[in-house]
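Visitor: I would like to learn how to read this model. Where do we start?

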Amino acid sequence: MNFEFDNVYKIFLKRMNEIEKNLELVNYKGKFLIEIKKNKDTELKEVKEYIRLVEETYNSVMEYNALIISIYGCLENFIDDLLKEYLMYLEKIHAKYENLPSKMKEVHVKNIGDFLQNSQRFSKELDVTQVIRKLYSCFSDGKYNLNYEFILRHGGNLKIDKICELFNNVGIENLREKIWKSEEFIEYFKEENQFENYGKAEEF
């Protein structure tokens, strides 16, 4: 089994690049509007209608809101895809379910219990029989199969605290501190705040 951590990141960058291109298009509309109005050949009904629509939507709140929602959706998909890939990795390196991180097993079983008590609160695509079959495999000899959906389940917006909680649920504790102390983040922080050296950024 191949693990696609790099591929997950590439897909995230591709989606973000598409959003960036759309933002460039929004910013370009103003320049386009000026240039097209200079052209005297704008008597065509379709051209006039297009100009009207551009004028009415240029810099509209809805357009920018759509971009913000797209950025959030891109981040959420990235976190979900990354952690799902990590769960597949854990399944590969841990031959037995009992060797998985304790917190992950706790969340796994708890959310499955909630599902079995009230399945209406969960995705309609989840099949009760399949969920039970996978859960049974976790406590039987042989290969086990995780119900990823119940480990990665989250409600509301993925703010930093919720992201940290999700990582903690799969056994990656103190995510915030790990990020703050990582060389990559300190280098980024140093550049953004114009620190002269690594030490000052780390102290900050």
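Guide: Start with residue classes. Ala, Val, Leu, Ile, Met, Phe, Trp, Tyr, Cys and Pro count as nonpolar, Asp, Glu, Lys and Arg as charged, and the others, Gly among them, as polar. By that scheme, the lining of the largest cavity divides into 5 nonpolar, 1 polar and 2 charged residues. A word on the source: this is a predicted model, where local features need pLDDT of at least 70, side-chain atom pairs count only at pLDDT 80 or more, and totals for chains, interfaces and linings use all residues. Residues are numbered from 1 along each chain as its sequence is written, and side-chain values use heavy atoms, with hydrogens and water left out.

Visitor: What volume does the largest cavity have?

Guide: On a 1 Å grid over the protein atoms alone, a cavity is a set of points where a 1.4 Å probe fits but cannot get out; lining residues have an atom within 4 Å of a point. Points are joined across faces, edges and corners, and volume is the space filled by probe spheres set on them. Here the largest cavity has about 30 Å³. Val8, Ile11, Phe12, Arg15, Cys74, Asn77, Phe78 and Asp81 line it.

Visitor: How many residues does helix H4 have?

Guide: Helices are DSSP runs (H or I, at least four residues), numbered from the N terminus. The expected span is 1.5 Å times one less than the number of residues. H4 (residues 102-117) has 16 residues and reaches 23 Å from first C-alpha to last, close to the expected 22 Å.

Visitor: Which residues of H4 are buried?

Guide: Buried means under 20% relative accessible area, exposed over 50%, partly exposed in between (1.4 Å probe, protein chains only). In H4 the buried residues include Met104, Val107, Ile112 and Phe115. Among the elements covering the buried residues are helix H3 (61-93) and helix H5 (128-138).

Visitor: How many aromatic pairs does the structure hold?

Guide: Rings of Phe, Tyr and Trp (its six-membered ring) pair if their centres lie within 6.5 Å; planes under 30 degrees apart count as stacked, over 60 as edge-to-face and the rest as tilted. The structure holds 11 such pairs. Phe115 and Phe122 are edge-to-face, 5.4 Å centre to centre with 85° between the planes. Both are buried. Phe185 and Tyr188 are tilted, at 6.3 Å and 45°. These two are separated by about one helical turn, because they lie 3 residues apart in helix H9 (residues 183-192). Tyr188 is partly exposed, at 46% relative accessible area.

How values were computed. Contact means heavy atoms within 4.5 Å. On a 1 Å grid over the protein atoms alone, a cavity is a set of points where a 1.4 Å probe fits but cannot get out, and a pocket is an open set with protein on both sides within 12 Å along at least five of seven lines; lining residues have an atom within 4 Å of a point.
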